[in-house]
Amino acid sequence: MNKVLRLTGETLVCGIKVPNIAGGFGENKKAMLTKSIAEIHGKELKHVNEVINNNINRFVVDIDVIDLKQVGQTDLFSESGILTKAQIGNASNIYLLSERGYAKLLKIFDDDLAWDKYEEIIDGYFRMRDEIVSPLLAGKSNYLQIAPITQDEFSIAKIFSEATGVKIDIANSIALTRTEKKTGESLEEYRKALPAAKHEVGIYTATELGVKIGGIRAVDINKKLLSAGLQYQDISTRISSKTSKEKTEKQWRLTAEGKKYAEEYPYDNHGHSGYQIKWNESVISLLNH
């Protein structure tokens, strides 16, 4: 199996609440339990499992199907209440299917009702992004969902910090925020436990610096910072989604010297991403000289 399974909420498919399952067949690829498939198609679970067992040579393990009973991945589903311990104990197989595995199963069903459900399940579940974290995941059972996501996010934060020079405490704070969005779990207590910054934290934008120094325009502050060798202008081009024409974009970035006096905060706003520079108090005396 490619990755630890995780639950990311639930989706309403054909009037049935289906738990969003990811990780088994690859990062961000959804999977579905035969329990859900049976409910959607109005079939008995034992019949669906029987169809798979009778045609098991048509399914590729870890690409089309995973038997959770064999790989020991049932705890997540019992702790979240999706399957009872009795259901797990009494089952010979607990199958998880990928989108490809579901399509193969549907071909074996080969009935009009099955094909009527096909597009709704493919478009409404397998290819839909997760948006809502279900109350189903609330409580102590969240550990198995949160732990791998948190580990991934902090690994990314470390790489991001080392590659860009963004302070590790900022990167870690971003990792916590991303984990909260993905799991729906508040991690505020962990945020409070983050160590205090070991450097002077950037708090002023160019506009705020201008006000603090004495009413100087932001454009003039940026010129001063450029002359002081603290920042440079990064110029890039992209294709406009509105006009389909090439568009030139400019943004200020910190030099190595500038990183002693400021921090770059990444942002993403309405499809536009970049960095906002915030300067610390010590740069003011430098600009006044």
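The model is predicted, and the mean pLDDT of the protein chain is 80.

**Confidence**
- A pLDDT of 70 or more is reached by 83% of the residues.
- Residues 130–141 have a pLDDT below 50, and this stretch has 24 contacts in the model beyond near neighbours in sequence.

**The five-stranded sheet**
- Five strands form an open sheet in the order β1-β2-β3-β5-β4, with antiparallel pairing.
- Strands β1 (6–13) and β4 (65–67) each have a single partner strand, so one side of each is left without a neighbour in the sheet.
- On average, neighbouring strands of this sheet are turned by 35° against each other, direction ignored.
- I21 stands opposite A31 in β3.
- Helix α1 (residues 34–41) lies across β1, β2, β3 and β5 (95–97), and runs at about 55° to β3.

**Nonpolar cores**
- The largest nonpolar core has 38 residues, of which I21, F77, L96 and L105 touch the most other members.
- Beyond its neighbours within four places in sequence, L96 is in contact with residues including L5, I21, F25, A31 and I66.
- A second, separate core has 14 residues, among them L209, L225, A262 and V283.

**Around Q231**
- Q231 is found in strand β6 (residues 231–239).
- The relative accessible area of Q231 is 3%, so this residue counts as buried, the cut-off being under 20%.
- The side chain of Q231 makes a polar contact with the side chain of N222, at 3.1 Å.

Note on methods
Residues are numbered from 1 along each chain as its sequence is written. Side-chain values use heavy atoms; hydrogens and water are left out. pLDDT is the predictor's confidence in each residue, from 0 to 100. Contact means heavy atoms within 4.5 Å. A nonpolar core is a set of buried Ala, Val, Leu, Ile, Met, Phe, Trp, Tyr and Cys residues joined through side-chain atoms within 4.5 Å. Buried means under 20% relative accessible area, exposed over 50%, partly exposed in between (1.4 Å probe, protein chains only). Helices (H or I, at least four residues) and strands (E, at least two) are DSSP runs, numbered from the N terminus. A polar contact is a pair of N or O atoms within 3.5 Å; within protein, one must be able to donate a hydrogen and the other to accept it, and residues adjacent in sequence count only if both atoms are side-chain atoms. Two strands pair if DSSP finds at least two bridges between them. Axes are lines fitted to C-alpha atoms, for helices over the stretch in contact, and angles run from 0 to 180 degrees between N-to-C directions.
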